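Please consider the structure shown here before reading on.

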Amino acid sequence: MIPFDYRRVEDAASAVALVSADPNAAFLAGGTNLVDRMKLGIASPALLVDVSRLPLDTVDVLDDGRVRIGTNVRNADLAANTHIRRRYSALSSALLSGASGQLRNLATTGGNLLQRTRCVYFQDPTTPCNKREPGTGCSAVDGYTRYHAILGASEDCVATHPSDMAVALAALDAAVVVLGPAGERIIPLSDFHRLPGNEPQRDTVLEHGELITAVELPPAPARSAYRKVRDRASYAFALVSVAAALELEDDGANPPVIRDVRIALGGVAHKPWRALQAEAALRGAEATEENFRAAADAELAAAEPLRENGFKIPMVRNTLAAVLRDLAGAPAPDASAAGTDHPEGPDGPGDTGWEELDS
């Protein structure tokens with residue numbers, strides 16, 4: 001690890017001023033991702049500005065029903081917050097499925113949004129990586145692609161975003177509150193992260209020196225859930241994850257009609273993937289297995305799997321249908337309904353790629 005300067009600040013404006021003035025400066029909060037990258041030699045800030053002790057560590061329920069989450073709220077504390085557990089269960093479940101208990105005790109809300117990809121080539125400075133060093137090439141395109149993107153990728157980068165929390169926030173229509181040299185602005189979570197295009201080194205729309213100060217949630221949906229499919233039940237990134245918020249018509253119809261739905265996918269793209277095609281297909285439709293799967297197919301029509309991750313397509317379809325089925329209280333299909341979707345997993349019975357956690 002190279003030498004660096006360290007400053008601790010007392011207020012957000014001072015932090016913004018320090019980082020804005022130095023192109024090689026970075027904010028430090030929990031450090032659970034940044035410090036790892038510094039140890040690996042893939043991040044080398046000359047100045048770390050410690051924002052971890054700023055008084056931005058509360059979860060506040062506002063008079064209009066919105067919730068404001070300070071950037072320094074720890075992941076463990078947010079997951080355990082009574083209001084979040086009761087009203088935003090997708091968010092609590094997503095947080096509890098991420099990392100380990102020790103890391104959740106340290107990682108912050110703002111830092112979680114800014115964590116970088118866990119692509120093995122990004123983390124290996126001996127290999128070409130456009131995200132780490134623009135213009136050098138993408139080693140993953142012809143390499144190991146089991147964990148990589150099937151939606152929204154480019155020839156310059158096929159990595160996926162690692163956050164569980166961000167996927168839930170996308171489905172909950174969250175917004176990110178940012179303070180920069182020009183003042184405060186609010187960015188919809190769905191617009192906060194970028195697809196790679198020809199600038200995969202830019203993960204978000206933040207300008208240098210802008211500091212996340214809070215995340216805001218709109219009033220809670222009637223029901224929400226998060227489900228993560230991964231290789232093992234602890235400390236593993238998502239192969240596929242689904243967050244959904246569902247509103248049903250309250251007219252006694254059977255099956256019920258979907259009034260509104262919001263869906264986000266993880267493990268499939270460079271950013272939390274808002275499933276707009278699936279949402280459009282479901283609004284006003286009956287909450288049936290057939291419609292859930294048709295909506296998934298509409299979203300997956302643009303999927304471009306790589307050599308080793310084609311299994312993600314049926315995995316998304318099955319997981320999305322399962323989450324919506326549970327939220328709607330719809331009956332489970334019989335075994336034949338899955339058809340060629342391999343209900344036991346992409347490689348048949350016993351494949352751990354289908355292990356699911358719904359904390």
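Q: Why does Tyr144 count as partly exposed?
A: The relative accessibility of Tyr144 is 36%. Buried means under 20% relative accessible area, exposed over 50%, and partly exposed in between, with a 1.4 Å probe and protein chains only. Tyr144 therefore counts as partly exposed. The model is a predicted one, in which local features need pLDDT of at least 70 and side-chain atom pairs pLDDT 80 or more, while totals for chains, interfaces and linings use all residues. Residues are numbered from 1 along each chain as its sequence is written, and side-chain values use heavy atoms, without hydrogens and water.

Q: What makes Tyr147 partly exposed?
A: Its relative accessible area is 27%, so Tyr147 is partly exposed.

Q: Why is the pair of Tyr144 and Tyr147 called tilted?
A: The structure holds one aromatic pair. Rings of Phe, Tyr and Trp (its six-membered ring) pair if their centres lie within 6.5 Å; planes under 30 degrees apart count as stacked, over 60 as edge-to-face and the rest as tilted. The ring centres of Tyr144 and Tyr147 are 6.4 Å apart and the planes stand at 50°, so the pair is tilted.

Q: Why is Val167 called buried?
A: Val167 has a relative accessible area of 1%, and therefore it is buried. This residue lies in helix α8 (residues 165-171); helices (H or I, at least four residues) and strands (E, at least two) are DSSP runs, numbered from the N terminus. Leaving aside residues up to four places away in sequence, Val167 touches Tyr226, Ser241, Ala243, Ala264, Leu265, Gly266 and Pro272, where contact means heavy atoms within 4.5 Å.

Q: How do you know that the buried residues of α1 are on the same side of the helix?
A: The buried residues of α1 are Ala12, Ala15, Val16 and Val19. They cover an arc of only 100° around the axis, which puts them on the same side of α1; the arc is that of the directions from the helix axis to the C-beta atoms. These residues pack against β2, β3, β6 (175-180) and β8 (211-217).

Q: What makes β1 and β2 stand at the edges?
A: Three strands form an open sheet in the order β1-β3-β2, with parallel pairing. Two strands pair if DSSP finds at least two bridges between them. β1 (5-8) and β2 (25-28) each have a single partner strand, so one side of each is left without a neighbour in the sheet. β2 pairs with β3 (residues 47-50) over four bridges.
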